Amino acid sequence: MNILKDIAINAEKGDSATIKELVKKALSLNIRGEEILQEGLIKGMNAIGIKFKKNEIFIPEVLIATRAMKAGMEIIKPYLTQDRVKPQEKVVMGTGKGDLHDIGKKIVCMILEREGYEIVDLGIDVPKEKFISAIKKENSNIIGMSALLTTTMIYMIEVIEEIERAKLKQNVKIIIGGGPITQSFADEIGADGYAPDAISAAELVKDMIRK
Ligand code: B12
């Protein structure tokens, strides 16, 4: 659909004002929020990723695109969460220490919220101690960690070790995701689950609760 292509192009350009207009228009055309996210905003961000990798653009352009992406996400959010039943389970989410990427994590949070989960988003650059105190304070049985850097994915190991040390491992299911994460990495570090995108993250959480 052309409007989704336009959203992707403008996300890539970082044109927040146009993104807001196009997203509203797409919603008024009854295009589903998930489709606008996946086929519009995320596609735009993926294109940015390719250019960033090739050094065709730099951090300022990526930040501008991020702002546009988030502006679009804010508009979609209420459409994802509408008509939902009240929260069933609490999920603590965070991007680990040293990592400032949060777009993917926020999308996962939005989709889980839509599914009726209560989300406690600890944000970015989260130290292991904060994960531990959130598990205790929120009495949560599921914790999700996101990492976009190969240097910060390793931090997930430290968080899991800390959870084990605090004797909380048997009470919580740990799920992980983000660009460099794979199922085999999840298996290797003792995480309970991995999902490559937000929709499968929601399936994963459902599975974890059933177990
Ligand atoms: C946007 C971006 C930034 C922005 C972040 C803004 C923000 N608020 O997030 C800024 C400009 C700050 C940035 C900075 C840097 N970045 Co950057 N960034 C990106 C970029 C272009 C897009 C990431 C993104 O949002 N993707 C879109 C989302 C939707 O996808 P996603 O995050 O993968 O999330 C999906 C899934 O993974 C999954 N998921 C995500 N989290 C979770 C969690 C759970 C529990 C589950 C189940 C699933 C799940 O679901 C999500 C939705 O479908 C990527 C390129 C790329 N190809 O990813 C580089 C990239 C991640 N960055 C990179 C680098 C190198 C950096 C810097 C080191 C650059 C520098 N020289 O300073 C810094 C590091 C800063 C830091 N300490 O974190 C590299 C990482 C390379 C590597 N292998 O480690 C990449 C891959 C670019 C590249 N070179 O190819 N970056």
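This is a predicted model: local features need pLDDT of at least 70, side-chain atom pairs count only at pLDDT 80 or more; totals for chains, interfaces and linings use all residues.
Start with the ligand's surroundings. A shell of 35 residues surrounds the ligand, and the closest of these are Leu100, His101, Asp102, Ser146 and Thr150. At Leu100 the backbone does the work: one of its polar atoms is 2.7 Å from an oxygen atom of the ligand. With Asp102 it is the side chain, where an N or O atom sits 2.7 Å from a nitrogen atom of the ligand. Ser146 also uses its side chain, with a polar atom 2.8 Å from a ligand nitrogen.

At least two shell residues come from each of helix H3 (33–53), helix H4 (59–81), helix H5 (103–114), strand E3 (142–146), strand E4 (173–177) and helix H10 (198–210). Both domain 1 (2–81) and domain 2 (90–210) give residues to this shell, so the ligand lies between them.

Now for the space itself. The ligand sits in the largest pocket, which holds about 1,300 Å³ of space. This pocket is lined by 40 residues, and those closest to its centre are His101, Ile103, Gly104, Leu148 and Gly179. Two or more lining residues come from each of H3, H4, H5, E3, E4 and H10. H3 gives the largest share of the lining, with 9 residues.

Sorted by class, the lining of the largest pocket has 25 nonpolar, 11 polar and 4 charged residues. Domain 1 (2–81) and domain 2 (90–210) each put at least three residues into that lining.

Methods. Residues are numbered from 1 along each chain as its sequence is written. Side-chain values use heavy atoms; hydrogens and water are left out. A residue is near a molecule or strand if one of its heavy atoms lies within 4 Å of it. A polar contact is a pair of N or O atoms within 3.5 Å; within protein, one must be able to donate a hydrogen and the other to accept it, and residues adjacent in sequence count only if both atoms are side-chain atoms. On a 1 Å grid over the protein atoms alone, a cavity is a set of points where a 1.4 Å probe fits but cannot get out, and a pocket is an open set with protein on both sides within 12 Å along at least five of seven lines; lining residues have an atom within 4 Å of a point. A molecule sits in a cavity or pocket if more than half of its atoms lie within 2 Å of its grid points. Helices (H or I, at least four residues) and strands (E, at least two) are DSSP runs, numbered from the N terminus. Domain bounds come from an automatic or database domain assignment. Grid points are joined across faces, edges and corners, and a volume is the space filled by probe spheres set on the points. Ala, Val, Leu, Ile, Met, Phe, Trp, Tyr, Cys and Pro count as nonpolar, Asp, Glu, Lys and Arg as charged, and the others, Gly among them, as polar.
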